[in-house]
Amino acid sequence: MFRRISQFCKQLFEDAPKTTAPTQAQTEPSTPEQSSGALSLELVPRDAHTVSRKQISENALKVLYRLNKSGFKAYLVGGGVRDLLLGIEPKDFDVVTNATPEEIKKLFRNCRVVGRRFRLAHIVFGRDVIEVATFRGHHGESNEKVSKANAEGRLLRDNVYGEIDEDAERRDFTVNALYYDISDYSIRSYGGGMNDLKAGTLRLIGDPETRYREDPVRMLRAVRFATKLNMTIETVTAAPIKQLAPLLKDIPAARMYEEVLKLFFAGKALANFELMQEYKLFEPLFPQVAALLKDDPKGAPMKMLQAIMKSTDQRVNEDKPVTPSFFYAAILWYPLRQRAEDIALESGLTLYDAFFAAMGDVMEQQCQTISIPRRFSTPAKDIWQLQLRFDRSQGTRAFKLMEHPKFRAAYDLLLLRGEVEAGNLAKSAAWWQQFVEADETERLAIARGGSKSPNRNRNATQRRRRPRAPNTDGSAPKTKAAE
């Protein structure tokens with residue numbers, strides 16, 4: 001109790017009281033100041049910005065108010081503030097405070113402390129989770145229990161606490177170094193974040209190479225923010241990305257899975273893919289696909305990737321569901337086909353059998369860079385398997401194939417393949433499209449007509465006639481025509 005009273009009194013004398021009239025500096029347009037650290041600080045009063053408490057989630061406000069009333073400093077920070085200023089509805093609201101995770105846990109019974117690399121407090125309101133972080137500080141003396149980095153400079157543990165100015169310097173981009181103060185509803189903008197937001201410039205805080213080495217995922221975040229916010233990556237920020245792109249191989253595969261979802265399932269898949277190609281960030285994530293792109297930059301694998309990205313963006317923009325199962329099945333189709341051909345050549349297996357052997361190899365290799373959960377990798381293999389059955393199932397067998405739980409996803413992949421490869425595959429895709437889109441009566445007619453399809457007859461095994469036995473006198477047996 002005495003500690004809380006002391007903290008409250010300290011905050012009372014450090015910050016301007018709410019009950020006093022605003023000073024001239026608070027009512028005039030904001031001007032940049034110099035913070036105690038290296039970043040410039042701009043104080044933006046409530047009447048000079050557009051962020052309103054009505055736009056902030058009720059649960060986030062509960063967390064902010066309780067921390068503030070308990071004598072702690074509390075700010076809405078990062079993407080939530082940035083998106084509100086841009087007129088975008090935030091997906092989540094993050095809070096930062098000078099309270100430690102243990103102190104936060106004492107204030108909230110619905111709190112759980114998570115994280116190893118950097119410990120966070122999650123305040124749980126049903127399905128809504130408010131993430132609360134303690135101000136991060138600069139690394140001082142080496143203590144592996146608190147902070148740790150590997151030989152390349154990547155931070156493995158980062159539980160160093162500090163003040164708000166230090167926390168701002170530890171943020172990635174200036175447009176994310178924006179703090180909404182619940183005590184007076186002002187915004188603290190560090191490093192020119194407000195100006196960069198208005199100019200549409202994405203600028204990294206600190207030395208780019210050092211910051212990328214600390215956390216290589218920041219290179220992917222640069223791409224994602226540039227496309228999402230329609231911003232341009234500043235020249236100095238972009239300069240080291242191509243050289244440092246291989247560092248992404250060292251990122252845990254489980255973390256990379258989450259980053260891929262953000263990159264390709266938010267309506268900007270094609271734009272992100274193109275920018276990743278430009279900065280050589282795609283290869284560390286999908287090495288098998290990248291190898292095929294090197295051999296044939298404008299061939300079927302590239303056309304398939306572009307088709308997948310366009311299709312995913314279209315579905316997201318139309319509020320249709322998108323699943324990782326289909327995405328990975330489609331993006332890895334050509335590496336699978338290549339691996340199957342190699343296995344067939346090496347082992348003498350039929351191509352059909354080689355496909356089944358290749359499925360595990362391709363998925364296992366992909367999971368080394370992106371940890372695909374089994375609930376998605378297994379259906380992806382079902383989608384692959386059905387590709388082999390489409391030509392064999394034209395005709396009356398098509399009805400049974402349609403009953404498969406993954407038929408629709410496999411059918412969508414068939415259409416993409418037909419669009420990319422044309423030829424006989426396009427004809428097969430057209431037959432299935434006609435069959436799927438027809439009503440029950442029409443389907444029966446299409447199936448009966450398709451049971452003698454050229455593809456099916458061409459692939460069928462021809463019967464060999466058993467030779468007739470010779471006559472008793474040793475002469476050749478007569479044929480029916482001769483008779």
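**Figure 1. Pro-45 and its loop.** In this predicted model, Pro-45 occupies the loop between β2 (40-44) and α3 (58-69); helices (H or I, at least four residues) and strands (E, at least two) are DSSP runs, numbered from the N terminus. Pro-45 has 11% relative accessibility and therefore counts as buried, a class defined as under 20% relative accessible area, with exposed meaning over 50% and partly exposed in between (1.4 Å probe, protein chains only). A separation of 8.1 Å lies between the C-alpha atoms of Pro-45 and Asp-184, which are 139 residues apart along the chain.

Residues are numbered from 1 along each chain as its sequence is written, and side-chain values use heavy atoms, with hydrogens and water left out. As the model is predicted, local features need pLDDT of at least 70 and side-chain atom pairs count only at pLDDT 80 or more, whereas totals for chains, interfaces and linings use all residues.

**Figure 2. The whole protein.** The protein has 24 helices and 13 strands. Of its 483 residues, 48% count as buried. Among contacts with a separation of 6 or more, 66% come from residues 24 or more positions apart; a contact means heavy atoms within 4.5 Å.

**Figure 3. Aromatic pairs.** The structure holds 21 aromatic pairs. Rings of Phe, Tyr and Trp (its six-membered ring) pair if their centres lie within 6.5 Å; planes under 30 degrees apart count as stacked, over 60 as edge-to-face and the rest as tilted. One of the pairs is edge-to-face, formed by Tyr-75 and Tyr-179 with 6.0 Å centre to centre and 85° between the planes. This pair links distant parts of the chain, 104 residues apart, with Tyr-75 in strand β3 (residues 74-77) and Tyr-179 in strand β10 (residues 178-181). Tyr-75 counts as buried at 4% relative accessibility, and Tyr-179 counts as buried at 0%. The ring centres of Trp-431 and Phe-435 are 5.3 Å apart and their planes lie at 5°, so this pair is stacked. Trp-431 and Phe-435 are four residues apart in helix α22 (residues 423-437), a separation of about one helical turn. Both Trp-431 and Phe-435 are buried.

**Figure 4. An aromatic cluster and charges over rings.** One aromatic cluster is formed by Phe-264, Phe-265, Phe-273, Phe-282, Phe-286, Phe-327 and Tyr-328. Elsewhere, the charged end of Arg-53 sits over the ring of Tyr-185, at 4.2 Å from its centre. A charge sits over a ring if NZ of Lys or CZ of Arg is within 6 Å of the ring centre and within 35 degrees of the ring normal. Arg-443 lies over the face of Phe-435, 5.8 Å from the ring centre.

**Figure 5. Helix α19.** The 14 residues of helix α19 (residues 374-387) should span 20 Å at 1.5 Å a residue, which agrees with the 20 Å between its end C-alpha atoms; the expected span is 1.5 Å times one less than the number of residues. The buried residues of α19 include Phe-376, Pro-379, Ile-383 and Trp-384. Helices against which the buried residues of α19 pack include α12 (253-264), α16 (324-331) and α21 (407-421).

**Figure 6. Positions annotated as active site.** An unreviewed UniProt entry applies the annotation "active site" to Asp-92, Asp-94 and Asp-172; UniProt positions are given in the numbering used here, feature names are shortened, and annotations may be inferred rather than shown by experiment. Asp-92 is in the loop between α4 (79-86) and β4 (94-97) and is partly exposed, with a relative accessible area of 44%. Asp-172 lies in the loop between α6 (164-170) and β10 and counts as buried at 8% relative accessibility. Not counting residues up to four places away in sequence, Asp-172 touches several residues, among them Arg-203, Arg-211, Arg-218 and Phe-225. The side chain of Asp-172 also makes a polar contact with the side chain of Asn-176 (3.1 Å). A polar contact is a pair of N or O atoms within 3.5 Å; within protein, one must be able to donate a hydrogen and the other to accept it, and residues adjacent in sequence count only if both atoms are side-chain atoms.

**Figure 7. Helix α9 and Thr-227.** Ten of the twelve residues of α9 are buried, so this helix is largely enclosed by the rest of the structure. Thr-227 lies in α9 (residues 217-228) and counts as buried at 12% relative accessibility. The side chain of Thr-227 reaches the backbone oxygen of Arg-224 at 3.1 Å. Leaving aside residues up to four places away in sequence, Thr-227 touches Lys-268, Ala-271, Asn-272 and Leu-275. After α9 comes Asn-230, whose phi is positive, near 55°.
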